[in-house]
Amino acid sequence: MSSLVIRGGSVVLPTGQRSVDIAVKDGVISAIGSEVREEGESIDATGMMVLPGVVDAHVHFNEPGRADWEGWEAGTRGAAAGGVTTVLEMPLNAHPPTTTPDAFDAKLAVASQKALVDFGLWGGLVPDNLDHLSILHHRGVIGFKAFMSHSGIDDFHRVPDGVLAIGLKATARLGAIVGVHAESQELIERHEAEQRNAQRLSWCRARPPEAEVEAIQRLLVCMRGAGKGVRAHVVHVSSARGLAAVDSARRKGVAITAETCPHYLAFSEEDFERIGPALKCAPPIRDAETREALWQEVLAGRVDLIGSDHSPCPAADKQRGEYDIWQAWGGVAGIQTTLPVLLTDGLQARGLSLERIAQGSGRMPTSRSWTPSSAGRSAPPTFTHAAASVRIWAESLPARSCARSCVVAPCLSMARS
Ligand SMILES: [Zn+2]
């Protein structure tokens, strides 16, 4: 039995900020109020903000199989340092990918042994694993990831629309959500044929926002025939137009949500041109105007959640794209910087409220229709505590250049020692 009391902080609650104490017992908040009586270790948070721990719904740790790319120990250490107390890990780029029950068991075994924060596992929806979806669901995957364009790795295949439609039908029957990488492979190929050269911006030109919007529209068509329980979550939406397509469907009652990522909010094409391979990702970094439109969506509360899409690789796989961007691995390693971006570029620069930050960084894609009891049923048991995790943040926000060092006491309640 371990207990902890955080006293005197300004706590960001769903109802607003209040100066209250928080008692934590065995990793779960046991009381919130003025002058809670619980004994135990005490932290004086006077003059500090106390925020809920971040739930990062989109990370790639690549273990088993490619642990040298990142691994659960290093990945969750970075998560904890960035105030992330729960990660939802993607079915690629570990090997084997999490598309079969055996692969799920192998990943769960290594994650259970090494993770320093709470976690959940996404399963994969690929053309040859429709028979495994039900058993993966019952093993405890939090949802199924599918790619409408090439995934960037050979062992995880994209789904043509027909397979996606069948997969959505199957997952609707299970009550499971499908996380979709929505970019049109056909449009990408057409643009790539015209645009591809060694210049960095040609990567962006080959994957324009239209490719994202067109794929989301086709996803919506696939959802239409999938039955009552169908739910989808569009991962890493990079443009306001993509978000608008999701939002207008949602207004008509479609069960669809969307996330964006800190790198689309923090960087523009000029940064990409200057920095190069480290910022290569898909969909690509957009122009400054698109980035500002994305911020407006975040400020207006129309983005369901912010996920890092943390996707590291060996340094050599980035370096080989220095002079030909097409040769670099695509993925941004940003697990530690989601909250700094939201605080510096959001709160400080654009007046994003702390409540909105807590809301956008604390949600799971499944949260819309999950209750705590159903979460406990089909997810790793640690899930049920996610909403109770806490973290302290210094009230004086540092400059952007030192944003990484401003987490002062991450994941008080949820990190396992
Ligand atoms: Zn990803």
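Please keep in mind that this is a predicted model. I begin with strand E15. Two bridges join E15 to strand E16, residues 305-306, and these two strands run parallel. Within that pairing, Glu259 stands opposite Leu305 in E16.

E15 also pairs with strand E14, residues 231-234, again in the parallel sense, over three bridges. Here His233 is the residue opposite Thr257 in E15. Between the two strands comes a helix: E14, helix H8 (residues 240-251) and E15 make a right-handed β-α-β unit.

Is E15 buried or exposed? Five of the five residues in this strand, 256-260, are buried, so the strand is largely enclosed by the rest of the structure. Both of its faces are covered. Ile256, Ala258 and Thr260 are buried on one side, and Thr257 and Glu259 are buried on the other.

In soluble globular proteins, nonpolar side chains tend to be buried together. The largest nonpolar core here has 112 residues, and the members that touch the most others are Val50, Val180, Ala232, Val234 and Val246. Helix H7, residues 209-224, gives the most to this core, namely seven residues.

Take Val180 as an example. If we leave aside its neighbours within four places in sequence, Val180 is in contact with Ala146, Met148, Leu219, Ala232, Val234 and Val235.

Now the backbone. Most residues other than glycine have a negative phi, and most peptide bonds are trans.

Asn62 has a positive phi, near 70°, and is not a glycine. Asn62 sits in the loop between strand E8 (54-59) and helix H1 (72-81). It counts as buried because it has 25 C-beta neighbours inside 10 Å, where 20 or more are needed.

His236 is not a glycine either, and its phi is positive at about 30°. This residue is in the loop between E14 and H8, and with 25 C-beta neighbours inside 10 Å His236 counts as buried.

As for cis peptide bonds, one runs from Leu92 to Asn93, with omega near 20°. Asn93 lies in the loop between strand E9 (84-89) and helix H2 (101-114). Another joins Ala282 and Pro283, with omega about -5°. Pro283 is in the loop between helix H10 (269-275) and helix H11 (288-299).

Notes: Residues numbered from 1 in each chain as written. Predicted model: local features only at pLDDT ≥ 70, side-chain atom pairs only at ≥ 80, totals over all residues. Buried ≥ 20, exposed ≤ 12 C-beta atoms within 10 Å, placed from the backbone. Helix = DSSP H or I, 4+ residues; strand = E, 2+ residues; numbered from the N terminus. Pairing = 2+ DSSP bridges. Right-handed = clockwise from strand over helix to strand, strands pointing away. Core = buried A, V, L, I, M, F, W, Y, C linked by C-beta atoms within 7 Å. Contact = placed C-beta atoms within 7 Å.
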